[in-house]
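Keep the model open beside you as you read, and stop at each point to look for the residues it names.

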Amino acid sequence: MNILGRLLYKSRKFYDDDFDWESYTADSYERRLKGDIESRFKAITNEGDLAFDAGTGRVEVRDGALHPNVQLILETIGHLRPASVHEVGCGGGDHIAHAGLLFPDIRVTGGDRGATQLDLAVARHPQLAGHVGIQDITMPFSEQWPKADLVYSQAVIMHIHTAVSHLVALANMVRQAGKYVLLVENVQCHNFVQDLTALAEGGHLYWDETHLYQVEGSTGARGILLSRQALALPELVSDSQIRAGEAPSVRRLRRSDQDSARALVGFQRAWRK
Ligand SMILES: C[S@@+](CC[C@H](N)C(=O)[O-])C[C@H]1O[C@@H](n2cnc3c(N)ncnc32)[C@H](O)[C@@H]1O
């Protein structure tokens with residue numbers, strides 16, 4: 001590399017994750033959970049507050065409403081009926097706690113890299129004690145992570161931008177899951193469909209087959225479902241498909257493209273001369 005190249009390399013901008021996860025609970029999460037979420041949606045439920053109607057595929061809520069993303073997560077679980085569910089980046093634990101109450105026959109676990117997040121989760125939902133643990137989904141895969149039929153995340157991978165960590169996280173989620181991975185993420189923050197397709201084609205995904213679908217909750221939220229087997233659901237083939245109807249965020253989409261451009265997948269025996 002010439003001198004100019006070296007200088008430019010040193011001043012090059014690399015993205016970091018969106019937050020400092022060490023101080024995240026006190027910096028913003030707890031305040032936003034109490035201010036923005038609890039003021040508008042039911043965040044903590046008791047037995048009998050939620051019901052799943054298998055006929056309509058809807059989750060019914062007594063005295064209030066769930067955030068649409070949560071409605072989607074619970075309705076997807078109700079539709080797929082996995083024996084076990086694991087949430088990556090479970091934060092304050094509300095979603096996995098709802099899942100445990102609504103589907104008592106399903107084994108639920110949650111992981112998060114933030115100890116203070118897990119403290120909050122157990123304080124909010126004492127029944128989660130013993131079911132949650134520290135997990136950094138961007139680390140090399142660990143056999144200690146709880147395996148589950150369905151592994152999901154909500155608002156986690158969208159915030160991961162350190163080098164190719166989000167790709168490592170996606171591949172890890174697939175390996176942790178026996179049957180399904182559900183991503184309920186801001187789809188402008190990464191090119192999820194392009195990245196997952198590249199990971200699958202490059203041999204980075206643990207499953208023999210990966211099928212991508214778009215799923216929708218009854219109150220409008222959209223998610224990306226990966227399945228090991230073909231399902232009778234709308235296939236997802238592009239990021240523009242899942243972004244349809246959303247006002248584009250130029251800054252986020254530029255960063256998504258830069259994130260994806262860093263990825264080298266597979267083992268390429270032929271390369272450009
Ligand atoms: C925006 S919060 C969302 C929390 C929760 N899913 C919710 O919807 O309330 C992002 C969460 O991801 C966790 N997180 C960030 N990076 C992670 C990683 N590499 N592995 C596991 N969890 C991570 C954070 O600690 C935080 O709890």
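1. Let us begin at the ligand. By class, its shell holds eight nonpolar, nine polar and three charged residues. Here Ala, Val, Leu, Ile, Met, Phe, Trp, Tyr, Cys and Pro count as nonpolar, Asp, Glu, Lys and Arg as charged, and the others, Gly among them, as polar. In total, 20 residues surround the ligand, and the closest are Gly89, Gly91, Arg113, Gly114 and Ile137. A residue is near a molecule if its C-beta atom, placed from the backbone, lies within 6 Å of it.

2. A word on how to read the model. It is a predicted one: local features need pLDDT of at least 70, side-chain atom pairs count only at pLDDT 80 or more, and totals for chains, interfaces and linings use all residues. Numbering starts from 1 along each chain as its sequence is written.

3. Now the overall build. The protein chain contains nine helices and nine strands; these are DSSP runs numbered from the N terminus, with helices (H or I) of at least four residues and strands (E) of at least two. Along its principal axes the C-alpha trace spans about 65 × 45 × 40 Å. A compact globule of 273 residues would have a radius of gyration near 19 Å, and the protein chain agrees because its value is 19 Å. That radius is taken over C-alpha atoms, and the globule rule is 2.2 Å times the number of residues to the power 0.38.

4. How much of the chain is buried? Of its 273 residues, 38% count as buried. The term means that 20 or more other C-beta atoms lie within 10 Å of the residue's own; with 12 or fewer the residue is exposed, and in between it is partly exposed, with C-beta atoms placed from the backbone. Among contacts between residues at least 6 apart in sequence, 68% join residues at least 24 apart. Two residues are in contact if their C-beta atoms, placed from the backbone, lie within 7 Å.

5. The largest nonpolar core deserves a careful look. It has 56 residues, and those with the most contacts inside it are Leu150, Leu170, Met173, Val181 and Leu182. The largest share, seven residues, comes from helix H6 (residues 165-176). Such a core is a set of buried Ala, Val, Leu, Ile, Met, Phe, Trp, Tyr and Cys residues joined through C-beta atoms within 7 Å. In soluble globular proteins, nonpolar side chains tend to be buried together.

6. Not counting residues up to four places away in sequence, Leu150 touches Ile77, Leu80, Pro82, Val85, Ala177, Lys179, Tyr180 and Leu182. Ile77 lies in helix H3 (residues 68-80) and counts as buried because it has 25 C-beta neighbours inside 10 Å. The C-alpha atoms of Leu80 and Leu150 are 70 residues apart along the chain and separated by 8.8 Å.

7. Which residues of helix H5 (residues 115-124) are buried? They are Gln117, Leu118, Leu120 and Ala121. Seen down the axis of H5, these fall within an arc of 155°, so they line one face of the helix; the arc is that of the directions from the helix axis to the C-beta atoms. The face turned away from the buried side carries the exposed residues Ala115, Asp119 and Ala123. The cover over the buried residues includes helix H2 (24-37), strand E4 (107-112) and strand E5 (132-134).

8. Two backbone spots are worth checking. Most residues other than glycine have a negative phi. Asp63, not a glycine, has a positive phi of about 55°; it is found in the loop between strand E2 (58-61) and H3, and is exposed, with 7 C-beta neighbours inside 10 Å. Ala163 has a positive phi of about 50° and lies in the loop between strand E6 (148-154) and H6. With 15 C-beta neighbours inside 10 Å, Ala163 counts as partly exposed.
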